[in-house]
Amino acid sequence: MSNADLLFGGVTIVCGILGTLSGGYVLDFMNSTISNAFKLLSGATFLRAIFCFSAFCSPNLHGFLALFSVGELLIFATQGPVNFVCLHTVKPSLRPLSMAMSTVSIHIFGDVPSSPLVGVLQDYVNNWRESALILTSVLFLAAGIWFIGVFQPSVDRFNEDSEHQVNAAYRSDIRPLLEQAVEP
């Protein structure tokens, strides 16, 4: 392919937008609960593994692109449910920290070590198709780990009162700073 970078970049952009939106929409349609978020994460990851594994087994380019596009769509469909779990399992005051830890963890345990590990595996196997199949098979394990979350006891803390709230009696005595003083 002479334009592989452009083609895969375009597929990633389109699948990223559609997948992220569809993951959130499907979770809303399923009745947004922590258990349903884990079900969606498990199912999407399992299907992603099937489509990506099938893509790397495909003998022709068009079959690969079709299967890989669906797999990539499912990769991005997990963004909404992951963020839902991060936001709904902690107290409101800890939401920013929860999202920050999620982002940093994704980079530290995913993005940073993945490139060198893929390189080491490729140097050992010396076959891109086999390397891709080995790495894609890890997604089946990930689907199983997400599935365990369905059975974990969880409390939705999204609507909990924050410990830093100001009571209504105190709030009613405070005059906004920008409001001009009315003289009698």
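Predicted model: local features only at pLDDT ≥ 70, side-chain atom pairs only at ≥ 80, totals over all residues.

Me: Which element gives the largest share of the lining of the largest pocket?
Reply: The elements that contribute two or more residues to the lining are H2, H4, helix H5 (95-125) and helix H6 (128-150). By class, the lining holds 14 nonpolar, nine polar and two charged residues. The largest share, 11 residues, is supplied by H5.

Me: How many helices and strands does the protein have?
Reply: Read from the N terminus on, the elements follow the order α-α-α-α-α-α-α. The count is accordingly seven helices and zero strands.

Me: Among contacts between residues at least 6 apart in sequence, what percentage join residues at least 24 apart?
Reply: Of the 184 residues in the protein, 27% are buried. As for the contacts between residues at least 6 apart in sequence, the part that joins residues at least 24 apart is 70%.

Me: Which element gives the largest share of the largest nonpolar core?
Reply: This core has 11 residues in all, namely Leu-27, Ile-34, Ala-37, Phe-38, Leu-40, Leu-41, Val-82, Phe-84, Val-85, Cys-86 and Val-150. Two or more of its residues come from each of helix H2 (34-57) and helix H4 (79-88). The largest share, five residues, belongs to H2.

Me: Leaving aside neighbours within four places in sequence, which residues are in contact with Val-85?
Reply: Val-85 is one of the residues of the largest nonpolar core. Once the neighbours within four places in sequence are set aside, the contacts of Val-85 are Ala-37 and Phe-38.

Me: Against which elements do the buried residues of H1 pack?
Reply: Helix H1, residues 4-29, has 26 residues and spans 36 Å from its first C-alpha to its last, which is close to the 38 Å expected at 1.5 Å a residue. Its buried residues are Val-11, Cys-15, Gly-16, Gly-19, Gly-23 and Leu-27, and Leu-27 also belongs to the largest nonpolar core. The elements against which these buried residues pack are H2, helix H3 (61-76) and H4.

Me: What is the phi of Asn-31?
Reply: Asn-31 is placed in the loop between H1 and H2, just after H1. Although Asn-31 is not a glycine, its phi is positive, at about 75 degrees.

Me: Which elements are included in what covers the buried residues of H6?
Reply: H6 has 23 residues and reaches 35 Å between its first and last C-alpha, close to the 33 Å expected at 1.5 Å a residue. Its buried residues are Ser-131, Ala-132, Leu-133, Thr-136, Leu-139, Ala-143, Gly-149 and Val-150. Their cover includes H2 and H5.

Me: How does Pro-113 count by relative accessibility?
Reply: Pro-113 is located in helix H5, and beyond its neighbours within four places in sequence it is in contact with His-107 and Ile-108. Buried would require under 20% and exposed over 50%. At 24% relative accessibility, Pro-113 therefore counts as partly exposed.

Me: What distance separates the C-alpha atoms of Lys-91 and Arg-157?
Reply: Lys-91 has its place in the loop between H4 and H5, and at 36% relative accessibility Lys-91 counts as partly exposed. Along the chain, Lys-91 and Arg-157 are 66 residues apart. The separation of their C-alpha atoms is 5.7 Å.

Definitions and conventions:
Residues numbered from 1 in each chain as written. Heavy atoms only, no water. Core = buried A, V, L, I, M, F, W, Y, C linked by side-chain atoms within 4.5 Å. Buried < 20%, exposed > 50% of the residue type's maximum accessible area, 1.4 Å probe, protein only. Helix = DSSP H or I, 4+ residues; strand = E, 2+ residues; numbered from the N terminus. Contact = heavy atoms within 4.5 Å. Nonpolar A, V, L, I, M, F, W, Y, C, P; charged D, E, K, R; others polar. Expected span 1.5 Å × (residues − 1).
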